[in-house]
Amino acid sequence: MSSELINADFAQRVVIATDTMPWVPSPQAGVERRMLDRVGGEVARATSLVRYAPASSFPAHEHALGEEFLVLGGVFSDEYGDYGEGTYVRNPPRSRHTPRTAPGCTILVKLRQMLPTEAQRVVIDTKNTTWRARDPGGLEQLPLHAASDTGECVVIERLAAGAQPVEMDCPGGEEIFILSGDLRDEHGSYRAGTWIRNPAGFRRRLGSNNGATYWAKRGHLRPMP
């Protein structure tokens, strides 16, 4: 099986306006992808946007090193339930399912990025979960996952319009996907649909002109010993 490398140097900062990317057909009819980072062939450590056409499905398969995804639109389904827009799911290593969708859906998905010891399945409907105020400057946070053994943290964050830039060190790296609104930092301005990967050791000041909601994952890009 051929190997594919896409943004595979995790020491490099990457910014992609994903709405400018073409949808690439997968081997399964009705399923297309926008590949953000990838190390491997069809079995790969990968971060992707995946779009399912209405009434499409994917064969039953196992996630040897886990899967996490956020439903960006439509309804994703499998034999365990139906997951509407805003649902966050973590399927642990060695889990197995048969994806399908009736109306079609788009998901942000990360594959093969969990420790083999992770065992708990997580399903969170972020549309019906309580936000936490993080600071008086207008930052709110909705926790999705935190692991004390690895330092990994997954959240959805919300910045109010005109929020002053929040300075943060990213010793373990950071990924951001903007769900709505706009973000800015000292390096530029970013609209909805932008994916940002800040490497370990990066420092930035994040603010918003018109308000923003974004998914973020932190602490998972530390250099391997």
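Tyr52, Phe69, Phe76 and Tyr83 form one aromatic cluster, in which rings of Phe, Tyr and Trp (its six-membered ring) are paired if their centres lie within 6.5 Å. This is a predicted model, in which local features need pLDDT of at least 70 and side-chain atom pairs count only at pLDDT 80 or more, while totals for chains, interfaces and linings use all residues. Residues are numbered from 1 along each chain as its sequence is written, and side-chain values use heavy atoms, with hydrogens and water left out.

**Overall fold and surface**

- The protein chain has zero helices and 21 strands, where helices (H or I, at least four residues) and strands (E, at least two) are DSSP runs numbered from the N terminus.
- The radius of gyration of the protein chain is 17 Å, close to the 17 Å that the globule rule gives for 225 residues, so the chain is as compact as a globular protein of that length; the radius is taken over C-alpha atoms, and the rule is 2.2 Å times the number of residues to the power 0.38.
- Taken along the principal axes, the box filled by the C-alpha atoms of the protein chain is roughly 45 × 40 × 35 Å.
- Of the 225 residues in the protein chain, 49% are buried, a term that means under 20% relative accessible area, with exposed meaning over 50% and partly exposed in between (1.4 Å probe, protein chains only).
- Among contacts (heavy atoms within 4.5 Å) between residues at least 6 apart in sequence, 66% join residues at least 24 apart.
- The protein chain carries 26 positive and 27 negative side chains, and the centres of the two sets lie 1 Å apart; Lys and Arg count as positive and Asp and Glu as negative, with His and the chain ends not counted, and each charge is placed at NZ of Lys, CZ of Arg, CG of Asp or CD of Glu.

- A search of the whole structure finds four aromatic pairs, and one of them, formed by Phe69 and Phe76, is tilted, at 4.7 Å centre to centre with 50° between the planes; planes under 30 degrees apart count as stacked, over 60 as edge-to-face and the rest as tilted.
- Both Phe69 and Phe76 are buried.
- Val71 belongs to strand 7 (residues 67–78) and counts as buried, at 2% relative accessibility.
- Beyond its neighbours within four places in sequence, Val71 is in contact with Phe76, Tyr83, Gly84, Glu85, Gly86, Thr87, Thr106 and Ile107.
- Val71 and Ile16, which are 55 residues apart in sequence, are 19 Å apart in space, C-alpha to C-alpha.

- Leu142, in strand 14 (residues 139–146), is buried with a relative accessible area of 0%.
- Leaving aside neighbours within four places in sequence, the contacts of Leu142 are with Thr126, Thr129, Thr130, Trp131, Val155 and Ile156, whereas its C-alpha atom is separated by 26 Å from that of Thr101, 41 residues apart along the chain.
- Thr213 lies in strand 21 (residues 212–218) and is buried, with a relative accessible area of 17%.
- Not counting residues up to four places away in sequence, Thr213 touches Trp131, Ile156, Glu157, Arg158, Ile178, Leu179 and Ser180.
- Arg197 is in strand 19 and is buried, with a relative accessible area of 0%.
- Among the residues that Arg197 touches, not counting those up to four places away in sequence, are Asp9, Asp37, Glu174 and Glu175.
- The C-alpha atoms of Arg197 and Lys217, 20 residues apart in sequence, are 9.4 Å apart in space.

**Loop residues**

- Ala55 sits in the loop between strand 5 (44–52) and strand 6 (61–63), is exposed at 68% relative accessibility, and has a phi near 65°, a positive value in a residue other than glycine.
- Arg94, in the loop between strand 9 (87–91) and strand 10 (95–97), likewise has a positive phi, near 75°.
- Gly201 lies in the loop between strand 19 (194–198) and strand 20 (202–206) and counts as exposed, at 60% relative accessibility.
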